[in-house]
Amino acid sequence: MPTTEATGSGRPDGPLGWRGYDASRARARERTGEEESVVTALATVGGTEVVLISFEFGYLGGSLGERTGDRLVAAYTEARERRLPLVSLIATGGSRMQEGMRALTQLQRVAGQSALHHAAGLAHLAVLRDPTTGGGWATLGAAADVLLALPGAQIGFAGSRVRPADADPAAYCAEGQLAAGQIDAVVPPDQLRGTLQRWLRLLAGAGGPGAVPEAAPPPAALGTGNLPETGWRAVVRARDARRPRAEAYLRAYFDDWEEIHGDRCGGADGGIRCGLGHRDGHTIAFAAQCGTATRPAGFRTAARLVRLADRLGIPVLTLIDTPGAANDAAAERAGAGAAIADAFAALASARVPVTSLLIGEGGSGGALALAAPGRLWATPDSYFSVIAPELAAAILKRDPQEVHHTADQLRIRPQDLLALGIIRDIVPPAGSTPA
């Protein structure tokens with residue numbers, strides 16, 4: 001791949017005149033057979049053409065210098081010109097100290113190229129190898145749309161020799177970063193090729209910036225086709241443990257899918273599933289609540305998913321099923337209000353069509369935050385309420401036995417929601433006629 005040599009690359013011992021630097025580079029070339037710490041190329045992964053960046057850790061620890069920056073800029077530029085996704089295989093110890101600040105400023109160049117790549121509506125997948133630390137992690141790695149890591153890989157801004165002596169090593173490994181919601185998956189080497197192929201197939205159909213794809217059709221209902229007689233009956237049916245949940249809907253709707261994980265802010269919520277799936281040859285993004293109270297990390301993950309889909313021109317499907325937003329002290333400390341606001345904003349500003357289906361409980365703002373304005377459907381075994389009937393009765397100081405009456409007053413059944421103009425329609429089970 002063509003590149004332009006850095007201005008200072010021909011000076012003896014580099015821009016700082018670091019004694020022995022030229023000899024170190026010569027030994028690195030002899031040892032690895034490479035001229036720099038990164039190799040870039042056009043490649044094909046499972047039939048999808050990509051621009052590939054691969055770090056050679058044997059060349060001065062995969063460190064970033066001026067010539068490394070030149071190669072990275074050339075790779076990003078090639079990807080934009082050819083409108084191809086970028087795949088980076090990262091293994092780096094950080095910026096090259098023998099080039100001082102001239103090396104560190106390459107991070108600004110990489111960050112600028114990453115922003116241009118995103119603005120062009122192109123995807124970036126990163127594979128984090130051992131180690132991925134320093135500026136390479138904080139720019140080329142962490143800025144990628146999808147982050148896959150090899151098991152046991154050291155991942156973190158601080159390398160092993162500069163972090164605090166008493167630091168927990170688990171925080172700096174792939175598995176720890178996964179638990180903290182910083183990466184999307186830990187993938188064994190023998191599964192990496194297949195995982196990359198699936199992700200690239202899902203991303204291959206992305207329309208790009210400004211694309212307005214067809215809206216995702218609402219899924220068919222998987223539960224009963226009969227509508228509830230009363231408001232309280234709607235609540236009981238939606239809370240029934242036997243009712244189909246998000247997993248069942250995803251399996252029925254998609255041919256295959258891959259998931260992202262975590263909010264990239266230190267949190268992950270197992271009660272929400274987000275990713276991209278194939279349906280009839282089309283890629284659709286999804287954010288699916290799984291019936292539990294949604295935590296701040298869950299709202300932030302959903303917002304991250306919606307914004308990724310919007311940038312890539314992919315339609316979105318949200319499945320709503322939650323008793324409400326988590327409201328414990330930990331949720332408040334994690335920024336519940338800001339996270340819910342971010343989810344509302346992501347859906348409100350999305351340029352791609354968003355389809356929402358209420359499949360179970362619709363508990364107040366925690367459910368509404370994932371509901372597309374004006375594009376909400378409901379299944380017969382669902383309800384949507386401004387507040388849980390039990391809480392409404394308590395606030396109104398009613399006898400607990402009046403909760404059934406309160407549920408009716410709130411008009412929370414699917415047919416009530418349709419009459420009120422809250423939903424577009426009630427989806428029936430596959431093969432049946434609408435109620």
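The model is predicted, so to speak of local features a pLDDT of at least 70 is needed and side-chain atom pairs count only at pLDDT 80 or more, while totals for chains, interfaces and linings use all residues. Residues are numbered from 1 along each chain as its sequence is written, and side-chain values use heavy atoms, with hydrogens and water left out.

The N-terminal strands come before the others here. Helices (H or I, at least four residues) and strands (E, at least two) are DSSP runs, numbered from the N terminus. Two strands are said to pair if DSSP finds at least two bridges between them. Strand β1, residues 38-45, and strand β2, residues 48-55, are antiparallel and share eight bridges. Within this pair L42 faces V51 of β2. Two residues lie between the strands of the hairpin, and G46 has a positive phi near 60 degrees.

Strand β3 covers residues 86-92 and holds V87. Is V87 buried or exposed? V87 counts as buried because its relative accessibility is 2%; the cut-offs are under 20% relative accessible area for buried, over 50% for exposed, and partly exposed in between, with a 1.4 Å probe and protein chains only. Contact means heavy atoms within 4.5 Å. With neighbours within four places in sequence left aside, V87 is in contact with V50, V51, L52, I53, L125, L196 and L200. For one of these, I53, the C-alpha atom is 6.3 Å from that of V87, although the two residues are 34 apart along the chain.

Rolling a probe the size of a water molecule over the atoms shows where empty space is left. The search uses a 1 Å grid over the protein atoms alone: a cavity is a set of points where a 1.4 Å probe fits but cannot get out, whereas a pocket is an open set with protein on both sides within 12 Å along at least five of seven lines, and lining residues have an atom within 4 Å of a point. Grid points are joined across faces, edges and corners, and a volume is the space filled by probe spheres set on the points. The volume of the largest pocket is about 550 Å³. Its lining consists of 22 residues, and those nearest the centre are G93, G94, S95, T133 and G159. Divided by class, the lining has 12 polar, eight nonpolar and two charged residues. In this division Ala, Val, Leu, Ile, Met, Phe, Trp, Tyr, Cys and Pro count as nonpolar, Asp, Glu, Lys and Arg as charged, and the others, Gly among them, as polar.

Two elements, β4 (124-133) and α5 (134-141), each supply at least two residues of this lining. Helix α5 is largely enclosed by the rest of the structure, because seven of its eight residues are buried. These are G134, G135, G136, W137, T139, L140 and G141. Strand β4 contains P131, and the peptide bond from D130 to P131 is cis, with omega near -5 degrees.

Strand β10, residues 282-289, runs parallel to β11 and is joined to it by four bridges; A288 stands opposite L319. From β10 the chain passes through helix α10, residues 296-312, to β11, in a right-handed β-α-β crossover. Right-handed here means that, with the strands pointing away from the viewer, the path from the first strand over the helix to the second runs clockwise. Strand β12, residues 354-363, is also parallel to β11, with six bridges, and S356 of β12 stands opposite T318.

G324 lies in the loop between β11 and α11 (329-333). At 6% relative accessibility, G324 is buried. Beyond four places in sequence, its contacts are T292, A293, T294, G363 and G366.

Two backbone angles remain. Most residues other than glycine have a negative phi, and most peptide bonds are trans. D13, in the segment before α1 (21-32), has a positive phi near 55 degrees, and its relative accessibility of 18% makes it buried. S364, in helix α13 (residues 364-368), also has a positive phi near 55 degrees, but S364 is partly exposed at 33% relative accessibility.
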